[in-house]
Amino acid sequence: MTVKILITRVVPREKAKEMVPLFRQMRQLATNQPGYISGETLKSLDRLDVFMVISTWQSADKWEKWLLSKERQAVQAKIDALLGGKTEYEMFQYGVTE
């Protein structure tokens, strides 16, 4: 089942120049992962320090394999170090069921 992953990060302005290349590196690595469909990075117009990454994966399992990969964890460690905290993720599936 296809899933969307939402990642919201608050990036202080003084750290944005360091963060954007890490976002690009993460995306470049993700595009080569089995199950990756698409991704986009958005910047809030209301709060200029808020970025949201939305990625689409063929399945939760494919996303979780990427999440736990050494490649991803290396870049994520740099992102978390810049932000001074751990990144949190939300996973959503398509459709509504009861």
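How many salt bridges does a search of the whole structure find? The search finds one, a salt bridge being a side-chain nitrogen of Lys or Arg within 4 Å of a carboxyl oxygen of Asp or Glu.

## Basis of the description

This is a predicted model, in which local features need pLDDT of at least 70 and side-chain atom pairs count only at pLDDT 80 or more, while totals for chains, interfaces and linings use all residues. Residues are numbered from 1 along each chain as its sequence is written, and side-chain values use heavy atoms, with hydrogens and water left out.

## The salt bridge

Asp49 forms a salt bridge with Arg47, and the closest N and O atoms of the pair are 3.9 Å apart. Asp49, at 25% relative accessibility, counts as partly exposed, and Arg47 is also partly exposed, with a relative accessible area of 47%; here buried means under 20% relative accessible area, exposed over 50%, and partly exposed in between, with a 1.4 Å probe and protein chains only.

## Arg9 in strand 1

Arg9 lies in strand 1, residues 3-10, where strands (E, at least two residues) and helices (H or I, at least four) are DSSP runs numbered from the N terminus.

The side chain of Arg9 does make polar contacts, with the side chain of Gln76 at 3.3 Å and with the side chain of Thr87 at 3.4 Å. A polar contact is a pair of N or O atoms within 3.5 Å; within protein, one must be able to donate a hydrogen and the other to accept it, and residues adjacent in sequence count only if both atoms are side-chain atoms.

## Nonpolar core

The largest nonpolar core has 19 residues, of which Met19, Trp57 and Ile79 touch the most other members; such a core is a set of buried Ala, Val, Leu, Ile, Met, Phe, Trp, Tyr and Cys residues joined through side-chain atoms within 4.5 Å. Two or more residues of this core come from each of strand 1, helix 1 (13-30), strand 3 (50-57), helix 2 (60-68) and helix 3 (70-83), and helix 1 gives the largest share, six residues.

## Strands 2 and 3

Strand 2 (residues 36-43) and strand 3 pair in the antiparallel sense over seven bridges, where pairing requires that DSSP finds at least two bridges between two strands. The two strands form a hairpin with six residues between them, and Ser38 stands opposite Thr56 in strand 3.
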